[in-house]
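Subject: Handover of a structure and findings

Dear colleague,

Please find the structure below, followed by an account of what was found in it.

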Amino acid sequence: MEYNRLIDSTLLAPDARKEQVVSLCEEAKEEHFASVCVNPDFVKVAAEILRGTDVKVCTVVGFPLGSMTTKAKVFETEDAVKNGAQEIDMVINISALKDHQDDYAKEEIKEIKKACQGRLLKVIIECCLLTDEEKRRASLLAKEAGADFVKTSTGFSKWGAKVEDVKLMRETVGKEMGVKAAGGIRDKETMEEMVKAGANRIGTSHGKELVR
């Protein structure tokens, strides 16, 4: 398996520097990663460097809490697309999910998918804050709303990806939807466990080490 094509090489630190983003993009071109995932203010930089390559530009929306209004998330998505983003990783409204406001949560995902204008949408459900029932419900809502992937974690909460969560998400959404494992994946063994459990995209800030 070509693990490099599963990797979203990620730099979302609040103190990330432009030179680090440039380095991340150059490395991604060299390793032929699936994408680089950067904060919205670096989308233009990444898009310029990666233009004409097989590496996509991914960014985050409603990150990392998910508690922004739908209108704010939609604007953020539209702005990211205008700046060159080809994939969007949005955080679901966790409070709405926990309050069983499923229609609100699903409609928000639909609105953001529309704002993606045909680009890939991954929905971060932040498994560490959810019960198994909530994880299943969130995954189904994302699927019903037309998202392309469900994703385990932001990497900024209590903990990141767990094998059992990837299995649960894969069982819930079936084979036709993507599952992204992210947060705390720092070695090849962990990556392989996630893939075996059903992940077909890996978010990591250790991409080069994993493939080499």
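A residue is called buried under 20% relative accessible area, exposed over 50% and partly exposed in between, with a 1.4 Å probe and protein chains only. By this scale lysine 151 is buried, at 4% relative accessibility.

The model is predicted: local features need pLDDT of at least 70 and side-chain atom pairs count only at pLDDT 80 or more, while totals for chains, interfaces and linings use all residues. Residues are numbered from 1 along each chain as its sequence is written, and side-chain values use heavy atoms, with hydrogens and water left out.

Buried charged residues

Lysine 151 belongs to strand E6; helices (H or I, at least four residues) and strands (E, at least two) are DSSP runs numbered from the N terminus. Contact means heavy atoms within 4.5 Å. Not counting residues up to four places away in sequence, lysine 151 touches Asp89, Val123, Ile124, Ile125, Glu126, Met169, Lys180 and Ala182. Aspartate 165, in helix H7, also counts as buried, with a relative accessibility of 4%. Its contacts, with residues up to four places away in sequence again left out, are Cys127 and Lys135.

Nonpolar core

A nonpolar core is a set of buried Ala, Val, Leu, Ile, Met, Phe, Trp, Tyr and Cys residues joined through side-chain atoms within 4.5 Å. The largest one holds 68 residues, of which Ile109, Leu121 and Val123 touch the most other members. Helix H2 (residues 43–50) makes the greatest contribution to this core, six residues. Beyond its neighbours within four places in sequence, valine 123 is in contact with Met90, Ile92, Ile109, Ala142, Ala147, Phe149, Val150 and Lys151.

Aromatic pair and cis peptide bond

Rings of Phe, Tyr and Trp (its six-membered ring) pair if their centres lie within 6.5 Å; planes under 30 degrees apart count as stacked, over 60 as edge-to-face and the rest as tilted. The structure has one such pair. The ring centres of phenylalanine 63 and phenylalanine 156 are 5.3 Å apart and the planes stand at 80°, so the arrangement is edge-to-face. Phenylalanine 63 is in the loop between strand E3 (56–61) and helix H3 (70–82), and phenylalanine 156 in the loop between strand E6 (149–151) and helix H7 (163–173); the pair therefore ties together parts 93 residues apart in sequence. Phenylalanine 63 is buried at 17% relative accessible area, whereas phenylalanine 156 is partly exposed at 43%. A cis peptide bond, with omega about -5°, joins phenylalanine 63 to proline 64.

Positive phi values

Histidine 32, a residue other than glycine, has a positive phi near 55°. Histidine 32 sits in the loop between helix H1 (18–31) and strand E2 (35–38) and is partly exposed, at 38% relative accessibility. Glutamine 117 likewise has a positive phi near 55°. This glutamine 117 is in the loop between helix H5 (102–115) and strand E5 (120–124) and is exposed, with a relative accessible area of 54%.

Yours sincerely
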